[in-house]
Every structure is written in structure tokens, then in C-alpha cells.
Amino acid sequence: MLQKIISTPLLLLSFTPIANASIVEFITSQGTIEVNLFDQTTPKTVENFLTYLSDGHYTNSVIHRVAPGFVVQGGGFEFSGGWPLSRNSANAAVINEPVYSNVKGTIAMAKVGGNPDSATDQWFFNLKDNNTGTAEQGNLDLQNSGFTVFGQVIGDGMAIVEKIAQLKLCNDGNLQGIPMVIDDAQACSDLTTPGIENFVVIENVIIIDNSEVTDADLNPVKNTQVTKADNSSGGSVAWLSMLALTLLSIKRITLRNKK
């Protein structure tokens with residue numbers, strides 16, 4: 001059952017959105033990936049991501065999942081010298097903001113099945129347009145009240161994402177499809193004691209541009225399907241988020257006029 005949100009308007013009116021849009025760079029062992037974040041339209045998700053970034057949470061984490069032709073996922077695990085990969089501790093979950101569509105080249109938040117407001121530290125890059133068909137067929141705009149797209153890969157970053165997706169995939173316990181850097185002649189079973197060089201490492205994630213409105217030249221595709229999902233609390237949250245921002249702006253103007 002999807003999680004219900006109680007007293008949503010009061011909760012939304014209490015937050016302060018971050019001021020600036022940002023371009024961040026994922027520095028990985030396979031190359032760099034630049035991402036333009038949608039600070040203005042998915043403010044809580046971007047704020048959540050930047051909190052992890054500033055805390056160094058993503059430094060030396062590893063890409064722990066590739067679903068071929070679907071997604072490349074990371075943000076939650078690190079290599080601690082052997083199997084299994086270590087799960088990094090996560091902060092409280094962030095509300096769902098399904099404003100944009102899960103098309104190829106976007107980055108979105110991973111979450112727990114059946115719980116739209118459960119995203120914490122993990123994210124994924126969409127390898128293709130994952131916005132067609134039914135939720136059961138992998139339509140991420142519909143599934144679980146829509147997955148929050150909070151940025152878009154820019155420059156030649158998708159070449160690096162696709163390079164990662166082409167690596168040999170290994171399994172370990174519940175983690176399926178871990179991309180591994182190994183010789184063509186090697187098998188996953190040969191990696192009883194892997195080294196850090198065998199993983200795709202997120203060496204760092206840094207802000208390279210925090211200028212205001214850095215996404216002005218982008219044309220992200222809107223998610224127009226989420227309201228069709230059963231119990232779609234995420235769509236209501238996105239609409240109420242915009243309403244709350246408008247009300248906050250009106251309130252500030254009114255207060256200034258009284259001075």
C-alpha cells in the first residue's frame with residue numbers, strides 16, 4: 001500500500017527552498033559525468049542530494065547496479081575490502097517530487113517499492129526512455145507514484161554512463177548486476193577477493209556551478225502520467241509544492257508592503 005501524506009499543505013509551507021540551481025560533476029574511475037540539477041522545480045530532492053554531497057557521503061562509493069538497457073544505479077554502497085559491499089547509513093527519506101519524466105539521460109531517486117516517499121541516498125541514471133507502457137512494464141513515470149527526476153546529464157556524460165553499463169556484471173547476495181572492471185577472460189567467480197580497482201568508484205561529487213538558474217537552456221520532459229497512477233500522492237505533492245512556493249512569495253511581498 002502506498003504511503004499516505006497527512007496535513008501536506010502545513011508541512012510544505014514550513015520548508016525553505018534552496019536558492020540556486022547547480023551543476024555537479026560525478027568524478028568516477030571511468031570518467032566524469034556532469035549533471036544539471038533542477039533546483040527550482042524539485043527543491044527538496046536537490047536539497048537532499050546536496051546534503052549528502054556536502055557530507056562526503058558519495059565520496060568513494062561504488063556503482064552497485066546496472067540493469068542493461070534500463071538504469072545505472074549508485075549512491076548507497078561502498079567497498080570495504082571484500083564481499084559483501086557495505087551499505088552506507090542514510091538520512092531520513094525525502095518527499096516525492098515527480099515533476100519530470102524518466103527519459104534517457106536523466107538522473108532520478110531510487111526508492112522502496114510501494115512507498116513513493118522513501119527515497120534517501122540512492123539515485124540512478126536512465127539508460128533509455130523509461131516512460132512508456134504500464135508501471136508493471138517499467139514505466140517509471142507511473143510506477144510507485146513516479147520516480148523523481150532531479151537532474152539531466154549534460155555534455156558527453158552519457159558516454160561515460162553507457163561505458164559503465166557495458167562492463168561485466170556480477171552478483172553478490174541481494175545485489176544483482178554489479179558492474180565490474182575485469183579482464184574479458186575472467187569470470188565473476190574468479191573475484192573471491194576483489195580489489196577497489198575492480199569496481200566503478202565514485203571518487204567524488206563536486207559542485208562546479210552554483211549560479212542561479214543554470215537549467216534555463218534545458219527542456220526537460222514533464223511527467224504528465226503520474227496522476228494516472230493508483231493512489232498517486234506524488235502528483236499531489238508536486239502540485240502542492242508549487243502552490244506552497246507561490247504562497248510564500250505572496251507572503252513575502254505582503255510583508256514588504258507593510259514596512
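Predicted model: local features only at pLDDT ≥ 70, side-chain atom pairs only at ≥ 80, totals over all residues.
1. Residues are numbered from 1 along each chain as its sequence is written, and side-chain values use heavy atoms, with hydrogens and water left out.

2. The partner of Cys188 is Cys170, and the sulfur atoms of this disulfide are 2.0 Å apart, where the criterion is a pair of cysteine sulfur atoms within 2.5 Å. The structure holds 1 disulfide, and the angle of -85 degrees about its S-S bond makes the link of Cys170 and Cys188 left-handed. The pair links distant parts of the chain, with Cys170 in strand β11 (residues 168-172) and Cys188, 18 residues away, in the loop between β12 and β13.

3. Of its 259 residues, 53% count as buried. Among contacts (heavy atoms within 4.5 Å) between residues at least 6 apart in sequence, 71% join residues at least 24 apart.

4. The largest nonpolar core has 32 residues, and those with the most contacts inside it are Val24, Phe26, Val35, Phe49, Trp123 and Phe125; such a core is a set of buried Ala, Val, Leu, Ile, Met, Phe, Trp, Tyr and Cys residues joined through side-chain atoms within 4.5 Å. Elements that give two or more residues to this core include β1 (23-28), β2 (31-37), α2 (43-54) and β13 (201-209). Leaving aside residues up to four places away in sequence, Val24 touches a set of residues that includes Val35, Phe49, Leu53, Val205 and Ile207. Apart from this core lies another, of 14 residues, among them Val99, Phe124, Phe147 and Ile154.

5. There are 12 aromatic pairs in the structure, counted when ring centres of Phe, Tyr and Trp (its six-membered ring) lie within 6.5 Å, with planes under 30 degrees apart called stacked, over 60 edge-to-face and the rest tilted. Phe26 and Phe49 form a tilted pair, at 6.0 Å centre to centre and 40 degrees between the planes, and this pair joins strand β1 to helix α2 across 23 residues. Phe26 is buried at 1% relative accessibility, and Phe49 is buried at 0%.

6. Trp83 and Phe199 form an edge-to-face pair, at 5.6 Å centre to centre and 70 degrees between the planes. The two residues are 116 residues apart, Trp83 in the loop between β6 (77-78) and β7 (86-87) and Phe199 in the loop between β12 (175-180) and β13. Trp83 counts as partly exposed at 26% relative accessibility, whereas Phe199 counts as buried at 1%.

7. Ring pairs also link Phe26, Phe49, Tyr52, Tyr58, Trp123, Phe125 and Phe150 into a cluster.

8. Two charged residues remain to be noted. Arg87 lies over the face of Phe77, at 5.5 Å from the ring centre, and Lys111 lies over the face of Phe147, at 4.8 Å; the criterion is NZ of Lys or CZ of Arg within 6 Å of the ring centre and within 35 degrees of the ring normal.

Terms used:
Buried < 20%, exposed > 50% of the residue type's maximum accessible area, 1.4 Å probe, protein only. Helix = DSSP H or I, 4+ residues; strand = E, 2+ residues; numbered from the N terminus.
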